[in-house]
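Please look over the chains shown here before reading on. The notes that follow are grouped by topic, from whole chains down to single residues.

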Amino acid sequence: MIVPLEHILIFGALLFAIGIYGTLVRRNIVGILISIELILNAVNVNLIAFSRTAILDPVMGQVFVIFVITLAATAATVGLAIVLALYRIRRTIYADEINLLKW
Amino acid sequence: MDQMFVNLKKALLDSLAPFLPMEGVAFVSVVVSISAIAVFGPFTMMYLTWFERKLVGRIQNRIGPNRVGIFGLLQPIADGIKMLTKEDIVPTGADRVVHFLAPVVVVIPALLVFSVIPFGRNMVAVDLNVGLIFFIAVSATTTIAIFMGSWASRNKFSLLGGMRTVAQLVSYEVPMILSLVPAVLAAGSLSTVDIVEAQGGWNGLKWFVFTPWGLVAFFLFYLCGVAECNRTPFDIPEAESEIVAGFHTEYSGMKFALWYMAEFMNVFTVSALTATLYLGGYQGPLLPSWAWFMIKTYALVFVMMWFRGTLPRLRVDQLMGLAWKFLLPLALINILVTSAWYFIPGLALRLAVSIAILGASFWGLVTLNRPFVPEKRIYEFAE
Amino acid sequence: MTLEIFAKISVYSVLALSLVAALGVVLFPSIFHAALCLVGALVGVAILYIALHAEFIAVVQILLYVGAVMTLVIFAIMLTHRIGDQTIPQANKQSLPALLSLACFVGLLGSLFLKTKWPVGPAHTEPVSAFVLGKALLGEYVFPFEVVSVILIAGLIGAVVIARKD
């Protein structure tokens, strides 16, 4: 391994934290969705890092990564379809302006 | 003769070997491959523009450029000097950084895919074992550059042109990838070199295009490749008569030259990949392998330019309809027929079954996609 | 020896650039610039996969994420863009608590990572080819594979129905 395992895990943790910060802080819904993509990528980085160094079969980690990428793409698709429908009806894409169901 | 370039490179490395440590030799080897591609790519693009102008001129019953040098051979150099010396206009209110980066980002994939094309026996820059998916993945990043270019120009026509272009590119990627699958199935590997080697039987003439599924897949892949390069008849993105110049309206000078260069390099690489996958790459009986490769690739480039001179362009809904309703089902049925080819015993039975299935599905899809012609209205004047 | 140092420097710089791009994703006020930074971060992660000898996954990541998901995201941005967005603050009032709690979280995780003795073996470096992955997907993992196919079809139909203009 060119880079020791701990450094890759710290990189994954930082990417995860940046993704969560974006999800919590962004007002634009598309911004929240792209921060979620960052979170899923951090998870993939961890999976691949372990698939190469743990005693188990490297194929297992990579099959999991394929599934995570697929599901992330599906989640992004459905999320963006909802954003488009919302924009058409309410003409806004800011998460704090969509408050009809709030108390 | 066949290994001329390989031996040249080996001689160069051997002459440098006493002076450098071991990693130095590996580094110089990589640098030599990269410089060969970096010189060959833009040089090809320049002379492809000359070839196109002469050919389209002759199709239109006129001589192409013939003033600058004999037969106009120095015309591309004159064009290059003109583009370098033009004023670089950036619209006010445009996003300067993204406007600057978009033509740079589009040339990167166009050059990167040269590295997995086998130009001759042992003459591939990098023999990746996922070479084919690398080609597709890197070509798919062109859409991001087109978005950047159309957004940064801050122009409604550019935005519309950019979105139509990306819709076209993304729609034609799907049948393109599906029509690659038969070649991968037949060769058993994703590496471009292995696919060419699998077409080596019959003294170098056992190309995949001579089988029914190979012929259909060849046409599918070539048509989708023409659409990916935004060439006529699929050139809504750059139609001068439709939306000014689409996503590269606001670009002038060197930036326009970069867009143009990326388009012509795409033309070359798509033709080269079609030749590699279905026409046997560098395999052929008598000539050296790189000569066969160049002949096949330039024949396909000639056909692309012939399309440009002859065919009108498709309307945008006809274009999308063609990709999703005709090419995609045909590509899926083709994969089925390819697998059937390898499991049915006996040559006559195989040929009969594949031609029957492919013919029936082609006829069925053409019938289903007939344009809807409403019945003529009859006007009656009140008397 | 120098090749190894060169490789280490390149991988560390790719990691650093990916982190800078990820910061750009969450901090840029203009959503289009944030999407472009996400493209940069995804390409950086793909390069990291190549350094970890997972070439097939790297190429699939570029094909799916950069080629398809980002195209979709940028389409959505272009269709829902309001001119004059730059002046509206793009961060809600939770930025400081989020920052503090995430800093503690990363600190905790980082110290955990550096202290644990990971049960690692020598790195396997034989390439995992598409053939091996295909056999695993259709052999041992065929059930999740079929479920993901159903999810993809459901997602496709659902997205078309939700976003349809009627």
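A residue is counted as buried if 20 or more other C-beta atoms lie within 10 Å of its own, as exposed if 12 or fewer do, and as partly exposed in between. By that count, 40% of the 383 residues of chain B are buried. The model is a predicted one, and every value below is computed from it.

**Chain B as a whole**

- Chain B holds 14 helices and zero strands, so that, read from the N terminus, its elements run α-α-α-α-α-α-α-α-α-α-α-α-α-α.
- The radius of gyration of chain B is 23 Å, close to the 21 Å that the globule rule gives for 383 residues, and chain B is therefore as compact as a globular protein of that length.
- Taken along the principal axes, the C-alpha trace of chain B spans about 100 × 65 × 40 Å.

**Chain A as a whole**

- Chain A has three helices and zero strands, and its elements follow the order α-α-α from the N terminus on.
- For chain A the radius of gyration is 17 Å, whereas a compact globule of 103 residues would have a value near 13 Å.
- Along the principal axes, the C-alpha atoms of chain A fill a box of roughly 50 × 25 × 25 Å.
- Of the 103 residues of chain A, 50% count as buried, and residues 24 or more positions apart make up 51% of the chain A contacts with a separation of 6 or more.

**How the chains meet**

- Two pairs of chains are in contact, and of these chains A and C share the most contacts.
- Chain A and chain B are joined by no contact, and their closest C-alpha atoms lie 15 Å apart.
- Between chains B and C, 19 residues of chain B are in contact with 19 residues of chain C.
- On the side of chain B that touches chain C, the elements giving two or more residues are α5 (131-140), α6 (142-152) and α7 (156-187) of chain B.
- The residues on that side of chain B divide by class into 15 nonpolar, three polar and one charged.

**Helix α6 of chain B**

- Helix α6(B), one of the elements on the side of chain B that touches chain C, is mostly covered, with eleven of its eleven residues buried.
- The buried residues of α6(B) include Ile144(B), Ile146(B), Phe147(B), Met148(B) and Trp151(B), and also Thr142(B), Thr143(B) and Ser150(B).
- Within chain B, the buried residues of α6(B) pack against α4 (96-112), α5 and α7, and they pack as well against α2 (31-51) and α3 (55-79) of chain C.
- After α6(B) comes Arg154(B), which has a positive phi, near 55 degrees.

**Helix packing in chain A**

- Helix α2 (residues 29-53) and helix α3 (residues 58-90) of chain A pack at an angle of about 175 degrees, and their axes are 9 Å apart.
- Because angles over 145 degrees count as roughly antiparallel, α2(A) is roughly antiparallel to α3(A).
- The contact of α2(A) with α3(A) consists, by class, of 18 nonpolar, five polar and two charged residues.

**The largest nonpolar core**

- The largest nonpolar core has 165 residues, and of these Ala35(C) and Val73(C) touch the most other members.
- When its neighbours within four places in sequence are left aside, Ala35(C) is in contact with Met70(C), Val73(C), Ile74(C) and Ile77(C), and also with Ile34(A).

- Arg91(A), a residue other than glycine, has a positive phi near 55 degrees and is found in the segment after α3 of chain A.
- Arg91(A) counts as exposed because it has 10 C-beta neighbours inside 10 Å, and the cut-off for that class is 12 or fewer.
- Asn230(B) likewise is not a glycine and has a positive phi of about 55 degrees, and its place is in the loop between α10 (212-228) and α11 (254-278) of chain B.
- Asn230(B) is buried, because 22 other C-beta atoms lie within 10 Å, where 20 or more are needed.

Conventions
Residues are numbered from 1 along each chain as its sequence is written. Chains are lettered from A and ligands numbered from 1 in the order in which they are written. This is a predicted model: local features need pLDDT of at least 70, side-chain atom pairs count only at pLDDT 80 or more; totals for chains, interfaces and linings use all residues. Two residues are in contact if their C-beta atoms, placed from the backbone, lie within 7 Å. Helices (H or I, at least four residues) and strands (E, at least two) are DSSP runs, numbered from the N terminus. Ala, Val, Leu, Ile, Met, Phe, Trp, Tyr, Cys and Pro count as nonpolar, Asp, Glu, Lys and Arg as charged, and the others, Gly among them, as polar. Axes are lines fitted to C-alpha atoms, for helices over the stretch in contact, and angles run from 0 to 180 degrees between N-to-C directions. Angles under 35 degrees count as roughly parallel, over 145 as roughly antiparallel, 65 to 115 as roughly perpendicular and the rest as oblique. A nonpolar core is a set of buried Ala, Val, Leu, Ile, Met, Phe, Trp, Tyr and Cys residues joined through C-beta atoms within 7 Å. The radius of gyration is taken over C-alpha atoms; the globule rule is 2.2 Å times the number of residues to the power 0.38.
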